[in-house]
Amino acid sequence: MSTPPDPGVIITPGQMYQEVQNLSRLVSRMDGKLDGILADTREIKGDVLDHEARIRALELGGTDRQKRETARIDELETRRWPLPALGAVAALVGAAGGVAGVLLR
């Protein structure tokens, strides 16, 4: 007995057309998803630029709050200088009082 010849694979034009249509729908869906990803990426890029600008302002000390705090600290430091001087004067007065008490006895 002899075996019949192998007819191979037969693909009709209708099947090819259907596959091309399926591929077209798949590409359209992927295109829509890519557009969404690109829009999200643009939004994220804008957020990153905004955050970067804020961080740079903080590093340079250029915010209004930082300027107010710096002025406040400077004012407190200028008012602080008399305290050690007053302490030294009080110590000298106490020492002088002690010496005067010993000498006047």
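At what angle do helix α2 (residues 64-80) and helix α3 (residues 82-103) pack? Select both: the angle is about 15°, and their axes lie 6 Å apart. Axes here are lines fitted to C-alpha atoms over the stretch in contact, with angles running from 0 to 180 degrees between N-to-C directions. That makes α2 roughly parallel to α3 (the label for angles under 35 degrees).

A quick word on what you're viewing: this is a predicted model, where local features need pLDDT of at least 70, side-chain atom pairs count only at pLDDT 80 or more, and totals for chains, interfaces and linings use all residues. Residues are numbered from 1 along each chain as its sequence is written, and side-chain values use heavy atoms, leaving out hydrogens and water.

Next, zoom in on T78, R79 and R80 in α2, which meet P82, L83 and P84 in α3 (contact means heavy atoms within 4.5 Å).

Now select helix α1 (residues 13-60). Its 48 residues should span 70 Å at 1.5 Å a residue, and the end C-alpha atoms are 69 Å apart, which agrees.

Finally, show the whole chain: three helices and zero strands (DSSP runs of H or I, at least four residues, and of E, at least two). Its radius of gyration is 43 Å, well over the 13 Å that the globule rule gives for 105 residues, so the chain is more spread out than a compact globule (C-alpha atoms are used, and the rule is 2.2 Å times the number of residues to the power 0.38). Along its principal axes, the C-alpha trace spans about 145 × 40 × 15 Å.

Note on methods:
Angles under 35 degrees count as roughly parallel, over 145 as roughly antiparallel, 65 to 115 as roughly perpendicular and the rest as oblique. The expected span of a helix is 1.5 Å times one less than its number of residues.
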